[in-house]
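Hi there,

Here is the structure I promised to pass on to you.

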Amino acid sequence: MSDDTLTLPPREDASTAAAAGAAGRLSGYNFAYLDEQTKRMIRRALLKAIAIPGYQVPFGSREMPLPYGWGTGGIQVTASVIGPDDVLKVIDQGADDTTNAVSIRKFFARTAGVATTERTTEATLIQTRHRIPETPLKEGQILVYQVPIPEPLRWLEPRETETRRMHALAEYGVMQVKLYEDIARYGRIATAYNYPVRVNGRYIMAPSPIPKFDNPKMHRNPAIQLFGAGRERRIYAVPPYTAVESLDFEDHPFAVERWDQACALCGATDSFLDEIVTDDAGGRMFLCSDTDHCAERRRSRGADAQEGTT
Amino acid sequence: MRETTDVPKPDAAAPLIEVRGLSKTFCLHVQGGTRIPVFDGIDLAVHPGECLALVGESGTGKSTLMRSIYANYRPGGGRILVRHRGRIVDMASAEPREILEVRRHSMGYVSQFLRVVPRVAAEHIVAEPLRMTGVGETEALERARAMLARLRIPERLWRLAPATFSGGEQQRVNIARGFVVGFPILLLDEPTAALDAANRRVVIELIAEAKARGSAIVGIFHDREVRDAVADRLFELNPGKEAAAA
Amino acid sequence: MSDTPLLRVRGLTHLYGRAVACRDVGFDLWPGEVLGIVGESGAGKTTLLKCLSAQLVPTHGTVEYDTRDRGLVDIFAALSEPERRMLLRTDWGIVHQNPRDGLRMAVSAGGNVGERLMAVGARHYGNIRREVLDWFDRVELNRDRIDDRPDGFSGGMQQRVQIARNLISRPRLLFLDEPTGGLDVSVQARLLDLLRRLVAETGVAAVVVTHDLGVVRLLAHRLMVMRGGEVVEHGLTDQVLDDPQHPYSQLLVSSILQV
């Protein structure tokens, strides 16, 4: 289960199941940092969230060893569902090697002693900030989203009492008004991320600041999707194979982003691309935001290339 | 809400207006409770095609009687039976919505003063009563304009609001409004007060046409010439005493 | 004439603690009728309006509304809160005295006017916009302002947006609380004229609360005079204003300056 490194430099924090056993865990802390009572409380919230897809369940968010706004909600959800046999992947904007992803992965390696990976296909539990992996997920996998503002109606209605009532009574006209405003101002729906969706035909949900490109991936996904907002103290969920529809107008249907360039590294034309500025002269290149997906493609292309030449 | 009292069934030759035992006293609470009796025990009837002129000195209650028939004033006692769409309505005790129905379809009132509705063009003011009976906008405007033309209001004034019109012009807008629908019952309070001879003649014609149509008219005519031309009967109100029909 | 009133009110009483805001108010309102409620400040008019429009649950009494599908129902006893809120968004309209209470200032005028359509499922942007523009014409708002926010509008224009926002869902009953309060006299006149025309065109019934007798003279078919929480007189508007019976009504009418 070692990762290949054909053309890429080796990753610093790659670890295997054998290396990270109980011996690697920090002493003095409960498994995965949170005490069992807290996990129990969060699991109850998660069960409720799964039972009511898209509904925001309040929970007693705990102080975590990183500030609000850095993924405390996601970490608490992960900590509540992770088990010793899980394989954890953590990404931030699609990349496994950013500071946040590295820190959080290390956190669980040290407090839970679980195996970690960068490969989507090998992970059982994926915590993500602002992207859904390109590789399609399978039954049995869990995706945990980090959510800054869980309330999709907050832009218009600052009162929590009122937004709760609006959700309870399914008074969602204002969400449509938001899209109307976009079209009136920009000629098209300009919302590019955190694009509101309707879950299971009932609740309107903020999918977290994933690009709208990723919205279709949520629809009838075989994996369990959990959402944690630590600062706002809300948990919500989308069970497997649930309908998730992006809001739109009949004459302005929902559409995802498209690029006229391919990934400079792997040549993908169907993944979400980041724009990288390469010099002062306006040079730039487009790369897959999902680093694992990109690496995987390069691996298989490399393998194809090798096979092809023989 | 007042109960509608038992009213008789109508028949063809019956009067369109029948007043029975009508009395009116003003009680001015703001002025220490002063009571001003106006009339008592008034009986009168007006038949289709007939014009009844109310006569009497000023202060005897002619206008008050007319306003009571229109339900603009509330009488102290008695009944005001009017024929409305094949049934009889007592204006003294009917519900507001019934009274509004009667005013919309069966009874028109030309008063001395045009209560100025801000900004509305004369032709629309005149068209409004037609619109309220269900006539479409285009036809209502056409008929309104025809009536304004008949009353010799210059076309350039039709699209203006009457606030700046002369007294006589405002009066003629009032008249146009009252006659454009062809009400079965018409109440005319000094319709020719501010008009010159030519316009008085037009009003006399309009009244004659209404009578020929079978309308019943009650009028107060300060002008003897007009009264003699249109009135079939006179009803005299005397101060403080029971009034007698002439 | 229909036999069922649009709104039937019986024994409506509201108390704030032991203070009586309004006592034993009862009336029937018929389709297309405009009822004016006048009285001085503190007479209980606004409380009454809030009870009638389901914004406040009265202490005693009933308010029944002739719903499209179930006939006359008690809006507090027979309707759930979601049903009441739905009623307020579709069949009813409320024009607040302060436009800020009735508009979303963070949303464009067009968004404000179109919201009710979107709230009941309209999903075609082009159609929504077309209908909004149509209503802009009807309330005499400049079409160019459709994408501007109402906080940049004058008071009179804000009221027009409020009116359009309510009427676009073709309500059968409109509640207006001092619709011309705080506006310049010339602006008031134009707004009243607009309301008068729209009421006649749409056949909507309305309850108008105001302290301004000029407003009721122009708009209302019937009038209720309130004092100290009680209805002291009610009847045809022109009758109550031209031949007031109750001492307080006479006082009210005689207090207006004839200009």
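In which hand of crossing does α5(A) pass α4(C)? The crossing is right-handed. Please keep in mind that this is a predicted model.

Staying with that pair, helix α5 (residues 173-186) of chain A and helix α4 (residues 109-119) of chain C have axes that come within 9 Å and cross at roughly 135°. An angle over 145 degrees would count as roughly antiparallel, so α5(A) is oblique to α4(C). On the chain A side, the contact involves G173(A), Q176(A), V177(A), Y180(A), E181(A) and A184(A). They meet G110(C), G111(C), G114(C), E115(C), M118(C) and A119(C) of α4(C). By type, the residues of this contact are 5 nonpolar, 5 polar and 2 charged.

There is also a helix pair within chain B. Helix α5 (residues 167-179) and helix α6 (residues 197-213) of chain B pack at about 10°, with axes 12 Å apart, and α5(B) and α6(B) are therefore roughly parallel to each other. Here G168(B), R172(B), I175(B) and F179(B) from α5(B) meet N199(B), V203(B), L206(B) and A210(B) from α6(B). The contact residues divide into 5 nonpolar, 2 polar and 1 charged.

Finally, chain C as a whole. Chain C contains 10 helices and 10 strands. Its radius of gyration is 18 Å, close to the 18 Å that the globule rule gives for 259 residues, so chain C is as compact as a globular protein of that length. Its C-alpha atoms fill a box of roughly 55 × 50 × 40 Å along the principal axes, and 49% of the 259 residues are buried.

Conventions:
Residues numbered from 1 in each chain as written. Chains lettered and ligands numbered in written order. Predicted model: local features only at pLDDT ≥ 70, side-chain atom pairs only at ≥ 80, totals over all residues. Axes fitted to C-alpha atoms, helices over the stretch in contact; angles between N-to-C directions. Helix = DSSP H or I, 4+ residues; strand = E, 2+ residues; numbered from the N terminus. Parallel < 35°, antiparallel > 145°, perpendicular 65-115°, else oblique. Contact = placed C-beta atoms within 7 Å. Nonpolar A, V, L, I, M, F, W, Y, C, P; charged D, E, K, R; others polar. Rg over C-alpha atoms; globule rule 2.2 N^0.38 Å. Buried ≥ 20, exposed ≤ 12 C-beta atoms within 10 Å, placed from the backbone. Left-handed = near helix turned anticlockwise from the far one by under 90°.
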